[in-house]
Amino acid sequence: MLTVARLSGAQMRERLEDLARLRITVFRDWPYLYEGTMEHEREYLPRYPDAKTGTLIVARDGDTIVGASTALGLDEESDYVRKPFEAAGMELSRIFYFGESVLLPQYRGQGVGVRFFEEREKAARDHGYSQTAFCGVVRPDDHPARPHDYEPLDAFWGNRGYQRRGDLVATFTWQDIGDTAKTEKPMIYWMKSL
Ligand SMILES: CC(C)(COP(=O)(O)OP(=O)(O)OC[C@H]1O[C@@H](n2cnc3c(N)ncnc32)[C@H](O)[C@@H]1OP(=O)(O)O)[C@@H](O)C(=O)NCCC(=O)NCCS
C-alpha cells in the first residue's frame, strides 16, 4: 500500500539519506546517466531543509521510502538555476521551483508521479507563489545510451498543465556514467501558472 506525505524542516532533514539513495539509483538511468556519490549528495541536499520554503514529498511502501520529490522557492535557489529567469526579467519571488522526482521503477504507473505534482503545487500555493517551474535534461536523440523503448515524460508533463519553455535554458553540470569528468548539460524549463 503506497502512501504519500509532505515533509519540511527537521522531518525532511531526517529523510535526506533516503532522498540521496533514490537519486543515485533512479538518476543512473537514461536520460540523466548520473554518476552520484553519497559524499556529493550529503553536501548538496541540505539546501532543501536549509531553505524557508524547502519541501520534500515522500512515497512510502509500508515504512520504506520508495519515491521522493522536492521543491523550494526559486528566490532561494542557486544562481545557475535562477539565471535564465533573471535574464528574461522574470520575478523570482513568484515562482516555486520543483527539483527532482524519483520513484523506483516497480512503483511507477500508479499515480504517485501525479501526487508529487499535486503536493508540490499545494506547497507552492501555501507559500504564496503563483507559478511553478521545473527543468529536464535535453540529450541528443541519437545518444548511444538512449533505450529504444524510452518514453519521454513530455506528454506526462503536458497533461499536468505544464508548457515547455524553449526560451528558458539552464546549464547543469554532473559526471555521466562511464565518463571521467563532469560535463555541462542543457536543461529546459517547463512552467505553469497556478
Ligand atoms: C517521473 C516519475 C516520478 C513519474 O512517476 P509515476 O508514478 O509513474 O507517474 P504516474 O503514475 O503518476 O503517472 C503516469 C501516468 O499514469 C497515470 N495514472 C495515474 N494514476 C494512475 C493509476 N492509479 N494507475 C495507473 N496509471 C495512473 C497518470 O495519469 C499518468 O498518465 P497521464 O500523463 O496520461 O495522465 C517516474 O517516471 C520517475 O521516477 N522517472 C525517473 C526519474 C525522472 O525522470 N524524473 C523526472 C525528472 S526529475
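These are my notebook entries on what I looked up in this predicted model.

**Ground rules.** I number residues from 1 along each chain, as its sequence is written. Because the model is predicted, I take local features only at pLDDT of at least 70 and side-chain atom pairs only at pLDDT 80 or more, while totals for chains, interfaces and linings use all residues. My helices (H or I, at least four residues) and strands (E, at least two) are DSSP runs numbered from the N terminus.

**The sheet.** I began with the strands and found an open sheet of seven, in the order β1-β2-β3-β4-β5-β7-β6, with mixed pairing. I call two strands paired if DSSP finds at least two bridges between them. At the edges are β1 (2–7) and β6 (163–175), each of which pairs on one side only. From one strand to the next the twist averages 25°; for such angles, axes are lines fitted to C-alpha atoms, for helices over the stretch in contact, and the angles run from 0 to 180 degrees between N-to-C directions.

I then went through some of the pairs. β1 and β2 run antiparallel and are joined by six bridges, and Val4 stands opposite Ala59 in β2. β5 and β7 are also antiparallel, with seven bridges between them, and the partner of Cys135 in β7 is Tyr189. For β6 and β7 I noted 10 bridges in the antiparallel sense, with Val169 bridged to Ile188 of β7. β6 and β7 form a hairpin with six residues between them, and in its turn Gly178 has a positive phi of about 90°.

α5 lies across β4, β6 and β7 and runs at about 155° to β6. As for α2, I found this helix packed on the sheet, where it touches β2, β3 and β4 and its direction makes about 100° with that of β3.

**The core.** I counted a residue as buried if 20 or more other C-beta atoms lie within 10 Å of its own, as exposed if 12 or fewer do, and as partly exposed in between, with C-beta atoms placed from the backbone. A nonpolar core is then a set of buried Ala, Val, Leu, Ile, Met, Phe, Trp, Tyr and Cys residues joined through C-beta atoms within 7 Å. The largest such core has 33 residues, of which Leu56, Ala68, Ile95, Phe96, Tyr97 and Ala133 touch the most other members. At least two residues each come from a set of elements that includes α2 (16–26), β2 (55–61), β3 (64–73) and α5 (79–87). β4 gives the most to this core, with six residues. I followed up Ala68, whose contacts, leaving out residues up to four places away in sequence, are Asp18, Leu19, Leu22, Leu56, Ile57, Val58 and Val102.

The shell holds 17 residues, and the closest are Arg108, Gly111, Gly113, Val114 and Asn159. Two or more residues of the shell come from each of β4 (95–103), α6 (112–126) and α7 (154–159), and the largest share, four residues, is that of β4. By class I noted eight nonpolar, seven polar and two charged residues; here Ala, Val, Leu, Ile, Met, Phe, Trp, Tyr, Cys and Pro count as nonpolar, Asp, Glu, Lys and Arg as charged, and the others, Gly among them, as polar.

**Single residues.** In general, most residues other than glycine have a negative phi, and most peptide bonds are trans.

His40 lies in helix α3 and counts as partly exposed, because 16 C-beta neighbours lie inside 10 Å. Arg115 is in helix α6 and, with 19 C-beta neighbours inside 10 Å, also counts as partly exposed.

Technical notes:
Near = placed C-beta within 6 Å. Contact = placed C-beta atoms within 7 Å.
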